[in-house]
Amino acid sequence: MDALGAERPAATRRRGARRPRPSDPLAASRRRVGFVFTLPVIGLVGSLLLLPIGQTIYHSFTSWDGTSSRWVGASTYSHLVHNPEFTRVLENNAMLVLAIPVAIALPLGVAFLIHAGLRGWRFFRSIFFLPTAVSWVVIGFVSVRFFADDGILQHLLNNTGLGFVHPNMLSQERSALVAVMITFVWSMFGTNLIIFLAGMATIDQEIYDAARVDGAGSFAVLVKITIPLLRRFIRFTFIVTLITAFTALFSLIFVMTGGGPGYGTTTLEFFIYEQAFSAGDFGLASTAGVMLFVAVAAVSVLQLRLLRVEE
Amino acid sequence: MSALGLHERLGDVRWKYLVSRGLIYLALAVITVVMLYPFYYMGVNAFRSLDQYYAGHGFSLASWHNLFKSLPVGRELLNSTLITVGAIALILAVSTTGGYAFAVLRYPASRLIFLIVIAAMMVPMQSIIAPEYVNLANLGFINHRYGAILVYAALGAPFSTFLMTTYFRRIPEEVIEAALIDGLGYGRVFFLIMLPLAVPAIVTIAVLQFIQVWDDLLVGLLFLQTPDVRPITVGLATIPSQHLLDVPLLMAGSLISALPAVIVYLVFQRYLISGLTMGISK
């Protein structure tokens, strides 16, 4: 966030030097060129992100099928919230939140191991980060083969004498969501690991050495030194992981379960897609769309404020 | 303390060290297997016939033959390439010009506009799919690659502009002033000085967006529905159900669709990592 914070005062001072002469032709040219240079990004973001979010907010209060819309008012929201299917959808999102501590704790622990001056750490980092490059569609196809009744997981159980256990996870609502969550944790592992490794590189090695001299064991160092010093990075991964869970799992769910069985794996983002493009209810999709937007925006703004407070 | 005792204690410490190192490497080896096994599974089964898949051994190219015969994979890979390259070009065009203006050329209200552009990062695609679809349909942009390119560019623009602005702010003011004294205008300063200096940031954005756009499903699914324009992810995700049980064919399709992004990742890893950690570094 240094773009918004630390460097600004100095920059303002230097550039402000030319301010007192508004008639300065160079300054006028700077402002003119500056305005023209920002037009493309304003046009693109304005027409394809900001205008549609405005429309979403407006249409969240309407009944809309894509062509004609009728104003209904805030009752669209109470209707949606009292819809039992939607309650299930929110439950599923709450379940996804439960996966986040795991998606943070695992890479944090491994980052701690790798960072302890380990030979070959770059090699492990490259391998663990590999899933980041692969699409959710491909991850979903392989994941289905893993969790399917005749899949890899069942083979593993058969080969270890546990063949009497038949999890068949994709066939029941709760376990299908757990399968999605496990796949999610697997693919987030590398991303969060990279962030923690970057964070650990900012910690002064002398602090560790001092702790060792004082006789602190590895676990004590992790809990008493590393985790507190990485607080900012842990919070950042929390935000990234949460926003990914809420807004980037559509393709994985589409390929793995199609939102089923029943509403078992229909999360908020998947619900929006289904309402709009299967049920043709653009109004309801907009109402749910606003809820998703508010959730993401609230988390992001909270993150920004916490950063400010720390500085 | 006798010399022997000290020696024994040193041996003890060394032994403990070796055991802990061994355990760490063991843990990392287990995680390596967990992370790589899906890729191994994909790679092995992509080169099996259906019979060989059920038997669990043997190799053949039958799945590849089936894949290219029954699905327009070549066409879809071409579409993915055109869409990805087009979106990256557009993102780079708007984020370098915008970043330069927000960082260096600042005009009244430019800071407010910058904040609004950055705030657009918080808009999830899923929240706007309904109006976005209707707007693009009204313009006749559905099932045209440029429609999807525009949407991808808009989705990638806020973060890329943030990254470019941060980068350009780090370039010393003296560099720009010297060029101005030499008689260059602000436009030529951008093309002759700022762009060449920004190559690392440009590569970072290109790599991040390559993986983002190449791997995406949702935008293609909504805006590119006909086989002649759809990207490979859409082709795979909407594969006709008679092929869904043909695991070797699915794995061959997955492998070929994953390969370009994996290669880009392996070659440009450094830039990807720097882009990811850019958001938090102070």
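Q: How many C-beta neighbours does Tyr41(B) have inside 10 Å?
A: This is a predicted model, in which local features need pLDDT of at least 70 and side-chain atom pairs count only at pLDDT 80 or more, while totals for chains, interfaces and linings use all residues. Residues are numbered from 1 along each chain as its sequence is written, and chains are lettered from A and ligands numbered from 1 in the order in which they are written. A residue is buried if 20 or more other C-beta atoms, placed from the backbone, lie within 10 Å of its own, exposed if 12 or fewer, and partly exposed in between. Tyr41(B) counts as partly exposed because its number of C-beta neighbours inside 10 Å is 17.

Q: Which residues does Tyr41(B) touch, not counting residues up to four places away in sequence?
A: Tyr41(B) is found in helix α1 (residues 3-45) of chain B, where a helix is a DSSP run of H or I with at least four residues, numbered from the N terminus. Two residues are in contact if their C-beta atoms, placed from the backbone, lie within 7 Å. With residues up to four places away left out, Tyr41(B) touches Val142(A), Arg145(A) and Ile152(A).

Q: Which helix of chain A gives the most to the side of chain A that touches chain B?
A: The contact takes 76 residues from chain A and 74 residues from chain B. On the side of chain A that touches chain B, 22 residues come from the helix that gives the most, which is α2 (residues 25-59) of chain A.

Q: Which residues of the largest nonpolar core touch the most other members?
A: A nonpolar core is a set of buried Ala, Val, Leu, Ile, Met, Phe, Trp, Tyr and Cys residues joined through C-beta atoms within 7 Å. Of the 170 residues in the largest one, those that touch the most other members are Ala153(B) and Ala154(B).

Q: Where does α6(B) bend by about 40°?
A: Helix α6 (residues 125-138) of chain B is largely enclosed by the rest of the structure, because ten of its 14 residues are buried. The bend at a residue is the angle between axes fitted to the seven residues ending there and the seven starting there. By that angle, α6(B) bends by about 40° at Pro131(B).

Q: What distance separates the centres of domain 1 and domain 2 of chain B?
A: The domain assignment of chain B, whose bounds come from an automatic or database assignment, gives domain 1 (3-62) and domain 2 (70-277). Eight residues of domain 1 are in contact with seven residues of domain 2. Taken over C-alpha atoms, the centres of domain 1 and domain 2 of chain B are separated by 36 Å.

How values were computed. Helices (H or I, at least four residues) and strands (E, at least two) are DSSP runs, numbered from the N terminus.
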